[in-house]
Amino acid sequence: MKKLGFGLMRLPLLDKNNKSSINQEQFNKMVDYFMENGFNYFDTAYTYFDGNSEIAFKKAVVERYPRESFLIADKLPIFDLKSTQHMYEIFDKQLERCGVDYFDYYMLHNISTKHEEKYTKIDSFKFIKDKKKEGKIKHIGISCHDSPEFLENILKNHPEIEFVQLQINYIDWTNNTIQSMKCYEVACKYKKSIIVMEPLKGGALVDIPNKSRKLFQGMSPVEGAFRFILSLDNIMIILSGMNKFEQIKENTKIIDNFKPLTKMEYEILNNVRNRIVCDKTIDCTYCNYCIDACSININIPKFFELYNTQKLLKQKHSIGMYYRNYISKNISPSECVKCNNCIDYCPQHINIPRNLEKVLNEFE
Ligand code: SF4
Ligand code: SF4
């Protein structure tokens, strides 16, 4: 299997503010390029685009390619489950939306301490094991944004888990909150295949500031980020959420021409990391998990993205204008009531209300 997976969390949209307006024509073309170049792994989830990601996948892939020519990974939304019965209903709905009768890879989505009581009570691990026995799933796993200790505990107690999906990139590798390196080491200790998510940190490692970009000495930032991950052992696949044709071309080319990083190139990435970490940014990956949790519907990732762009790209004037335009029609961070409802939903453990204050201080 080629080591690039098409992440279906950031699909091209016809209208940026409408999650159901997936640009199917553009997506189909991207799928064709991906498949023609020998790539065939797709990663979706029940919650992506409110279910429209699964449907777009069906239209672009299932209805246009033979079942044996592609691999599909889907996820059980642990955080949304209400009962044992609900798991069955969701799973059946996923098969129907995707138009398949089995999943190649299926995982418990964002398994975490917060939901431990719930998934233990309704026995989600048994559920995926049973589905595997029935032939509805080929390989079972978990995606996890929690601590290495939590991950170790899961892998110790559930030897049936075959793979782990982790957030790994050269910035989070040594980050004290994300702890990519330690989570990676735990997965290796238990001999699990690793699927990598957020290799470009939600795009932050693509559009990096000029002063850091200069450090790359000929490598593109995406190449540096991908080669860092592919130089590690046990990596099964890297997921990339691609919504532009150029991205798919660049990413597939990097994978096809992969060479492990040299000592000097590791040094380059260390320098870039140090430089970027020095620029104070909010660690948001724009996953959108917090949006529905906000009691007054603040578009939290939108504001964090504006803040990070401002900090990283230093385009103070133009980004300030975007901010003002945006709050003229949407709820402003100044309306945050500090109820803290959102905090538990953030896989990056960001203190959202405190960081919204940073946004306000920056722009107002
Ligand atoms: S703390 Fe602020 S951002 Fe978070 S849920 Fe409450 S109002 Fe929304
Ligand atoms: S604040 Fe957290 S939950 Fe919200 S989009 Fe950013 S990373 Fe995701």
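This report describes a barrel, a few individual residues and a ligand site in a predicted model.

## Basis of the model

In this predicted model, local features need pLDDT of at least 70, side-chain atom pairs count only at pLDDT 80 or more, and totals for chains, interfaces and linings use all residues. Residues are numbered from 1 along each chain as its sequence is written, chains are lettered from A and ligands numbered from 1 in the order in which they are written, and side-chain values use heavy atoms, with hydrogens and water left out.

## The barrel

Strands of a sheet pair through backbone hydrogen bonds, either parallel or antiparallel. Here 8 strands close into a barrel, and the pairing is parallel. Their order is β1-β2-β3-β4-β5-β6-β7-β8. The twist averages 30° from one strand to the next. Angles run from 0 to 180 degrees between N-to-C directions, with axes fitted as lines to C-alpha atoms, for helices over the stretch in contact. Strands (E, at least two residues) and helices (H or I, at least four) are DSSP runs, numbered from the N terminus. Two strands pair if DSSP finds at least two bridges between them.

Strand β4 joins β5 (residues 137-144) through 6 bridges. The two run parallel. M107 has G141 in β5 as its bridge partner. Helix α6 (residues 148-157) packs on the sheet. It touches β4, β5 and β6 (163-167), where touching means heavy atoms within 4.5 Å. The direction of α6 makes about 155° with that of β5.

## Two residues with positive phi

N110 lies in strand β4 (residues 103-111). Its phi is near 55°, a positive value in a residue other than glycine. N110 counts as buried because its relative accessibility is 11%. Buried means under 20% relative accessible area, exposed over 50%, and partly exposed in between (1.4 Å probe, protein chains only).

Q217 sits in the loop between α8 (210-213) and α9 (221-230). Its phi is near 50°, again positive in a residue other than glycine. At 57% relative accessibility, Q217 counts as exposed.

## A buried glutamate

E265 belongs to helix α11 (residues 263-278). At 16% relative accessibility, E265 counts as buried. Its side chain makes a polar contact with the side chain of R227, at 2.8 Å. Such a contact is a pair of N or O atoms within 3.5 Å; within protein, one must be able to donate a hydrogen and the other to accept it, and residues adjacent in sequence count only if both atoms are side-chain atoms. Leaving aside neighbours within four places in sequence, E265 is in contact with M219, R227 and P260.

## Around ligand 1

There are 13 residues around ligand 1 (a heavy atom within 4 Å). C294, C336, C339, N340 and C342 come nearest.
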